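The tour goes through aromatic ring pairs and then through backbone angles.

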Amino acid sequence: MQPNTRLDLERIRQARGEIAPLFRDTPQFLSPTLGELLGCELVIKLETANPIGCFKGRGTEVAMARLARSSGPKAAVCASAGNLGQALAYSGRARGIAVSVIAGKGANPGKIERIRRLGGAVELVEGDIENARERARAIAADGEAFLIEDSENLDTCEGAATIGLELVEGFDRIDTVLLALGGGALATGVGHVMKTLLPTTEIVCIQPKGAPALALSWRARSVVTTESTDTIADGVAGRFPIPEVLDDLLAVADHVPLVEEASIIEGMRMLYRHAALITEPSAALGIAAMLEEPERYRGKRVATVICGANVLPDQFSGWMRN
């Protein structure tokens with residue numbers, strides 16, 4: 001039985017056909033060295049093995065394919081801290097759809113540069129991702145472009161959900177899946193598939209303590225907003241959860257921990273040193289959660305989705321020095 005969310009398993013299966021092969025069937029493998037250190041059987045789902053280095057291309061491929069077939073404007077706009085913008089620019093270029101990306105002036109400059117190189121127009125605004133969302137919505141309201149709102153747009157969730165289909169097909173049993181929790185597309189998408197096809201799997205969705213809005217909302221069962229964020233995990237640093245996304249999260253998440261910055265950095269170090277993976281902070285949230293609650297995962301088969309590798313080299317090098 002499917003959980004009570006906005007998502008639908010048949011649409012998720014259909015979404016697979018909309019996604020370019022380079023974003024599908026990403027590597028998924030047991031990591032014996034890292035698993036031994038963490039006391040579990042660790043499955044790594046490597047969503048960084050594509051030209052944009054993150055999972056978001058799955059959702060933008062679905063959204064842009066449908067936009068290309070529609071009678072509406074052949075232009076799209078989104079707010080992004082960087083990864084969604086790269087994905088949208090890539091998918092738009094492939095389909096001849098103009099893409100505008102709105103970002104806060106403090107966004108990762110490496111991500112912004114790659115958006116431009118992929119053909120996306122970038123507008124930087126004062127403030128953070130929430131201020132960028134306001135600007136993107138205003139552009140869409142004027143009829144200039146179709147708004148791709150990460151997590152609110154169902155295509156972004158159901159595209160991300162195809163990750164869950166691949167995990168289920170690759171493993172007969174997964175005790176726990178660890179998912180970074182930002183806007184909620186990855187968590188609700190993969191969570192919906194796992195709860196439908198492997199309902200005993202525990203879904204753990206992780207946020208940093210410095211960006212806790214959706215985790216606090218899940219605990220309160222109603223939207224909780226925050227005035228600011230303070231985390232190195234820029235890809236998950238939202239302040240205003242979307243009510244419909246919270247409803248979906250409540251239907252699939254079993255545990256929503258908040259982790260320390262030090263644990264995120266140590267998670268990045270472990271992935272680099274013991275699995276040869278360069279990750280951005282958001283992608284290390286699963287390992288951070290295991291470091292903070294080791295007994296919860298000990299002896300289990302645990303899958304963690306490595307959702308992004310777009311990190312500035314100097315920052316990464318600094319975090320690795322210890």
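Rings of Phe, Tyr and Trp (its six-membered ring) count as a pair if their centres lie within 6.5 Å, and planes over 60 degrees apart make the pair edge-to-face. This is a predicted model. A search of the whole structure gives 2 aromatic pairs.

**Stop 1.** Select Phe23 and Tyr90. Their rings form an edge-to-face pair, 5.5 Å centre to centre with 85 degrees between the planes. Phe23 sits in the loop between helix 1 (9-15) and strand 1 (28-30), while Tyr90 belongs to helix 4 (residues 83-95), so the contact ties together parts that are 67 residues apart in sequence. Phe23 and Tyr90 are both buried.

**Stop 2.** Next, select Tyr272 and Phe316. This aromatic pair is edge-to-face, with 5.3 Å centre to centre and 85 degrees between the planes. Because Tyr272 is in helix 11 (residues 261-275) and Phe316 in helix 14 (residues 313-320), the pair ties together parts that are 44 residues apart in sequence. Tyr272 is partly exposed at 39% relative accessibility, whereas Phe316 is buried at 6%.

**Stop 3.** Turn to the backbone. Most residues other than glycine have a negative phi. Select Asp25, in the loop between helix 1 and strand 1. The phi of Asp25 is positive, near 50 degrees, and the residue is exposed, with a relative accessible area of 53%.

**Stop 4.** Finally, select Ser151, in the loop between strand 6 (146-147) and helix 7 (154-170). Is Ser151 buried or exposed? Ser151 is buried, at 1% relative accessibility. Its phi is positive, about 80 degrees, although Ser151 is not a glycine.

Methods:
Residues are numbered from 1 along each chain as its sequence is written. This is a predicted model: local features need pLDDT of at least 70, side-chain atom pairs count only at pLDDT 80 or more; totals for chains, interfaces and linings use all residues. Side-chain values use heavy atoms; hydrogens and water are left out. Rings of Phe, Tyr and Trp (its six-membered ring) pair if their centres lie within 6.5 Å; planes under 30 degrees apart count as stacked, over 60 as edge-to-face and the rest as tilted. Helices (H or I, at least four residues) and strands (E, at least two) are DSSP runs, numbered from the N terminus. Buried means under 20% relative accessible area, exposed over 50%, partly exposed in between (1.4 Å probe, protein chains only).
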